[in-house]
Amino acid sequence: MLAYFCEKFKNLRKARDLTQDQVAEIFHVSPQSVSRWETGVNFPDIELLPHIACFFSVTVDELLGTERIVGEQKAKEYLRDIRYLLNSGKLHEGIEAARKAVREIPTNYELQSQLLRALCCYDAEKHEPAGDAENLREEIIKIGERIVKYCTDQVIAPDAKYVLFNQYVKWGMKEEARRILWTMTAEVWHTQDVMAGELLEGEEWRGNQHLRIVRFKNLLCQFILGYAFEEDLNPLQKIERLKAMIQVECVVDSITGEPTDLVSNAFNHMRIASFYCDVGDAENTLSYVEQATQDSMSHIELMYQPDEHGNNYMAWATPRNLCWILWEDFLMKPCFDPVRGNDRFIHCLERLKANSQEQKQTTSPV
């Protein structure tokens with residue numbers, strides 16, 4: 001609150017084109033006192049705050065940042081509730097809750113980002129009625145472009161670009177996608193990502209390094225994943241690439257202390273299982289199906305566990321949870337027919353089905 005007051009007071013003084021000496025004279029304090037207010041060394045007497053607020057035509061809450069603090073807390077509560085709705089497969093309700101939260105706190109980009117991802121997921125599910133598709137597209141573009149234009153957060157803004165870029169590509173809007181593409185970071189050398197590590201120290205350095213390592217891990221893994229599905233590679237070569245990608249993720253997680261990405265693990269283990277099945281290796285096929293099944297069980301457990309701030313782990317913005325996707329989109333494929341009658345395979349399939357989300361959302365949010 002003190003840090004906020006310092007900056008707010010300084011900006012208000014400059015907006016009125018007043019010097020520190022002039023402000024000191026107005027409020028009957030020394031110029032040194034005004035200087036200390038603006039540098040955060042000291043705070044005005046509580047009796048003086050209403051007079052300062054009145055002079056600058058703001059409320060005391062605005063002066064102290066109380067409204068901002070309350071807004072941030074309320075945003076966290078909204079995010080928690082939205083995630084629980086999405087995690088429960090209630091995509092429509094989650095979108096409506098996110099819309100309401102964005103209307104109430106229009107400057108919170110984390111809420112807008114959550115709404116953007118949920119809307120994109122809804123678009124991917126191709127819900128009826130089809131006549132609402134255009135309205136949905138317009139809403140996605142409006143929110144995505146707003147985040148891209150105004151948000152400066154180093155996590156939210158790049159993520160919004162990624163989401164919006166993929167939507168434009170999906171819709172065949174190549175010029176719009178190209179415009180977003182050229183605003184993304186284009187190279188590794190001689191950028192903030194590398195040079196900040198030479199300047200920062202202590203916890204600031206550690207936080208910066210972890211953020212950059214995770215970002216470049218994600219980039220590298222995307223390239224490896226794309227290469228793993230090259231048509232010219234045989235199944236064993238694809239398995240080799242996917243295992244290398246999993247190793248990269250494990251090494252980075254051990255450095256940063258980040259939790260294992262169970263969703264990515266589950267998908268990659270299923271992919272490896274399918275390639276082993278292609279070459280007739282039943283033992284490895286079953287082993288990786290079991291690993292993917294366990295990943296999904298752990299993921300469901302983690303989804304509702306609160307973090308150190310009391311917030312839930314993540315939002316799963318699709319009516320089908322991970323268990324459902326694994327058995328419906330992977331294990332039902334013909335490639336698994338050679339092991340379909342195996343007891344281990346049947347056990348995994350039944351376990352995934354038993355923990356699948358039980359409802360699909362059919363109501364359009366637009």
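Predicted model: local features only at pLDDT ≥ 70, side-chain atom pairs only at ≥ 80, totals over all residues.
User: Are H16 and H18 roughly parallel or roughly antiparallel to each other?

Analyst: H16 covers residues 282–303 and H18 covers 343–354; they pack at about 20 degrees, with their axes 10 Å apart. The axes are lines fitted to C-alpha atoms over the stretch in contact, and angles run from 0 to 180 degrees between N-to-C directions. Angles under 35 degrees count as roughly parallel, over 145 as roughly antiparallel, 65 to 115 as roughly perpendicular and the rest as oblique. H16 and H18 are therefore roughly parallel.

User: How many charged residues does the contact of H16 with H18 have?

Analyst: Ala, Val, Leu, Ile, Met, Phe, Trp, Tyr, Cys and Pro are classed as nonpolar, Asp, Glu, Lys and Arg as charged, and the others, Gly among them, as polar. In the contact of H16 with H18, 6 residues are nonpolar and 4 are polar, and the number of charged residues is 4.

User: What is the handedness of the crossing of H15 and H17?

Analyst: H15 and H17 (residues 322–331) pack at an angle of about 20 degrees, their axes 11 Å apart. That makes them roughly parallel. A crossing is left-handed if the near helix is turned anticlockwise from the far one by less than a right angle, and right-handed if clockwise. For H15 and H17 the crossing is right-handed.

User: How many nonpolar residues are in the contact of H15 with H17?

Analyst: On the H15 side are Leu262, Val263, Ala266, Phe267, Met270 and Arg271, and in H17 they meet Leu322, Ile325, Leu326, Phe330 and Leu331. The contact includes no polar residues and 1 charged one, and its nonpolar residues number 10.

User: Is H14 roughly parallel or roughly antiparallel to H15?

Analyst: H14 (residues 235–256) packs against H15 with a left-handed crossing. The angle between them is about 160 degrees, with axes 9 Å apart. That makes H14, relative to H15, roughly antiparallel.

User: Which residue's side chain is joined to that of Ser264 by a polar contact of 3.3 Å?

Analyst: Ser264 lies in H15, which runs over residues 262–278. Buried means under 20% relative accessible area, exposed over 50% and partly exposed in between, using a 1.4 Å probe and protein chains only, and Ser264 counts as buried because its value is 16%. A polar contact is a pair of N or O atoms within 3.5 Å; within protein, one must be able to donate a hydrogen and the other to accept it, and residues adjacent in sequence count only if both atoms are side-chain atoms. At 3.3 Å, the side-chain partner of Ser264 is Glu249.

User: What is the phi of Asp17, about how many degrees?

Analyst: Most residues other than glycine have a negative phi. Asp17 sits in the loop between H1 (2–15) and H2 (20–26), and with a relative accessible area of 67% it is exposed. Although Asp17 is not a glycine, its phi is positive, at about 55 degrees.

User: Where is His28 found?

Analyst: His28 also is a non-glycine residue with a positive phi, about 60 degrees. It counts as exposed because its relative accessibility is 72%. His28 belongs to the loop between H2 and H3 (31–39).

User: Which residues does Asn208 touch, leaving aside those up to four places away in sequence?

Analyst: Asn208 is in H13, residues 202–228. At 8% relative accessibility, Asn208 is buried. Beyond its sequence neighbours up to four places away, Asn208 touches Ala196, Gly197 and Leu200.

User: What share of the chain's residues count as buried?

Analyst: The secondary structure comes to 18 helices and 0 strands. Among contacts between residues at least 6 apart in sequence, 64% join residues at least 24 apart. Of the chain's 366 residues, the buried share is 41%.

Definitions and conventions
Residues numbered from 1 in each chain as written. Heavy atoms only, no water. Helix = DSSP H or I, 4+ residues; strand = E, 2+ residues; numbered from the N terminus. Contact = heavy atoms within 4.5 Å.
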